[in-house]
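Student: Could you show me how to read a structure feature by feature?

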Amino acid sequence: MTQEDVFKKLVAHCKEYGFVFPSSEIYDGLGAVYDYGQNGVELKNNIKRYWWDAMTMLHENVVGIDAAIFMHPTTWKASGHVDAFNDPLIDNRDSKKRYRADVLIEDLLAKYDEKIDKEVQKAAKRFGDNFDEQQFRSTNARVLEHQAKRDEIHNRFVKALNDNDLAELKAIIMDYDIVDPISGTKNWTDVRQFNLMFSTEMGSTADGSMKIYLRPETAQGIFVNYLNVQKTGRMKVPFGIAQIGKAFRNEIVARQFIFRMREFEQMEMQFFVRPGDEMKWFEYWKAWRLRWHKALGLGDHKYRYHDHDKLAHYANAATDIEFEMPFGFKEVEGIHSRTDFDLSSHEKYSGKNIKYFDPELNQSYTPYVIETSIGVDRMFLSIMSAAYCEEQLEGGDSRVVLKLPPVLAPVKVAIMPLVKKDGLPEKAREIMNQLKFDFKCVYDEKDSIGKRYRRQDAVGTPFCVTIDHDTLTDGCVTIRHRDTMQQERVKIEDLHAMIDREVNMKNLFKKLMD
Ligand code: GAP
């Protein structure tokens with residue numbers, strides 16, 4: 001099965017099992033907008049809690065806020081979004097489809113990476129244990145040829161981006177024969193800039209109404225409140241402010257399911273530091289955020305850093321944490337050193353003094369900012385991609401199982417009486433009533449036990465607890481583990497501790513702080 005097939009199956013699975021639905025589906029959906037179903041919302045809430053608690057409970061100097069989506073329009077002038085929050089777009093005259101010019105070129109670069117990786121894999125197979133990858137990469141003629149071509153394109157691309165040279169972006173597309181994947185032609189228009197912010201009107205009269213924007217990032221709500229929080233919370237630099245909330249971008253190309261949406265959710269933290277300390281803190285947060293991801297146990301090899309080719313208008317350093325999705329390594333989180341750009345700009349546009357007085361230095365200054373910014377929906381997609389498994393079982397049977405980290409699983413325990421009679425449902429309810437205050441439980445008495453197990457596997461429930469006739473006399477139940485499918489007999493009074501060990505986020509947090 002190709003990765004593309006796996007991805008299609010994952011999208012279908014998300015819909016079939018109540019994780020993600022197309023928005024307003026009865027009207028044929030709305031491009032790049034999605035709704036989360038009964039299981040999706042639980043997984044999403046667990047992701048948010050993992051982030052929120054890790055930020056605000058494990059760091060004494062990080063607190064949270066919840067700012068409004070609508071902000072004074074000057075905010076977006078000051079932040080640079082009105083003038084510079086653009087993507088370069090290009091149309092193909094034959095297919096009438098619209099693309100991001102930079103993404104077309106990035107896809108070409110990724111093709112060269114794939115070619116090189118294929119050569120390396122082939123050689124690794126041929127040479128076995130004696131294979132020296134580094135030597136192969138630096139001496140093999142075909143690899144060197146691909147690498148030289150890649151570097152040539154990459155250098156032109158980076159220069160074009162940094163110079164904002166739209167004509168050069170088009171020239172790269174033409175020179176390297178990038179064709180429209182649908183029409184297969186190079187009948188491209190010129191590259192144009194397109195602002196990604198959605199706008200609307202606030203106020204009831206035509207004269208008195210004001211053009212306002214739906215925020216394209218949550219960060220600005222933090223910047224304009226930083227001094228409110230600092231003063232009322234008696235915070236001392238360095239300190240951070242965390243926020244989770246919706247953001248909106250009129251993406252030119254909305255592809256790959258919930259990877260690139262027009263309405264999505266961000267988890268952002270702005271960390272305010274003394275000028276000059278920013279690189280130290282940039283490195284700190286870069287490392288800490290990767291640890292947070294890896295602690296979920298989805299596989300360390302699925303993550304990598306990627307330094308930005310073009311820095312955003314506000315940054316002096318930026319790295320992405322990328323995750324290996326079914327369609328390649330893709331950005332899930334950005335860590336940016338935003339300098340004092342935002343605060344200085346808000347000071348200028350608002351005319352208010354928003355400097356911080358540092359009692360230790362006895363001086364006022366505009367703090368520098370390190371930002372960590374992660375999309376909830378992308379995190380959701382990365383977890384679902386890593387968790388989705390199709391397994392062949394003994395006896396020719398097969399199952400689809402979501403091997404979700406137990407702490408994030410939408411449902412932690414399924415309670416199942418073996419039959420719907422003989423007092424087993426009553427006993428099962430009694431057990432559920434003991435567990436439901438700490439764990440999200442479901443009760444299921446319909447169909448055979450085998451079918452019930454499959455249903456729970458498909459939504460990633462880590463534990464199934466079966467109540468049988470012996471339970472009534474020996475006070476024990478059968479607990480079945482999702483990944484190994486192993487079953488064990490345990491005392492009812494031991495159930496809570498057993499489940500808690502696996503699903504309590506506290507244990508993950510302790511691992512994170514080791
Ligand atoms: N405040 C900085 C900022 O917004 P960004 O790199 O544009 O930086 C941060 O976005 C994160 O938000 C990304 O790493 C990604 O996870 C998520 N994100 C951005 N655009 C998105 C979209 N259209 N759909 C889903 N998630 C998106």
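What follows is a conversation about the ligand, a pocket, the backbone and a few single residues.

Student: What should I know before I start?

Tutor: This is a predicted model, in which local features need pLDDT of at least 70 and side-chain atom pairs count only at pLDDT 80 or more, while totals for chains, interfaces and linings use all residues. Residues are numbered from 1 along each chain as its sequence is written, and side-chain values use heavy atoms, with hydrogens and water left out.

Student: Let's begin with the ligand. How many residues surround the ligand, and which are the closest?

Tutor: A residue is near a molecule if one of its heavy atoms lies within 4 Å of it. Here 20 residues surround the ligand, and E217, E251, E268, E331 and V332 are the closest.

Student: Which elements give two or more residues to the shell around the ligand?

Tutor: Helices (H or I, at least four residues) and strands (E, at least two) are DSSP runs, numbered from the N terminus. The elements in question are β10 (263-273), β13 (328-339) and β16 (368-375). With six residues, β13 gives the most to this shell.

Student: And what is the shell like by class?

Tutor: Ala, Val, Leu, Ile, Met, Phe, Trp, Tyr, Cys and Pro count as nonpolar, Asp, Glu, Lys and Arg as charged, and the others, Gly among them, as polar. On that basis the shell around the ligand has 10 charged, five polar and five nonpolar residues.

Student: How do I read a pocket?

Tutor: Rolling a probe the size of a water molecule over the atoms shows where empty space is left. On a 1 Å grid over the protein atoms alone, a pocket is an open set of points where a 1.4 Å probe fits, with protein on both sides within 12 Å along at least five of seven lines; lining residues have an atom within 4 Å of a point. Grid points are joined across faces, edges and corners, and a volume is the space filled by probe spheres set on the points. The second largest pocket holds about 280 Å³ of space. Its lining has 15 residues, and V224, H346, S350, K352 and I354 lie nearest the centre. Two or more lining residues come from each of α3 (74-78), α10 (226-232) and α12 (341-350), and α10 gives the largest share, four residues. By class, this lining has seven nonpolar, six polar and two charged residues.

Student: Where should I look in the backbone?

Tutor: Most residues other than glycine have a negative phi, and most peptide bonds are trans. In this model a cis peptide bond joins V237 and P238, with omega about 5°. P238 is found in the loop between α10 and β9 (239-248). D28 is not a glycine, yet has a positive phi of about 75°. D28 lies in the loop between β1 (20-22) and β2 (34-36). D447, also other than glycine, has a positive phi near 75°, and lies in the loop between β20 (441-443) and α15 (449-459).

Student: Which residues of α15 are buried?

Tutor: They include I449, R452, Y453 and Q456. Just after α15, G460 takes a positive phi of about 85°.

Terms used:
Buried < 20%, exposed > 50% of the residue type's maximum accessible area, 1.4 Å probe, protein only.
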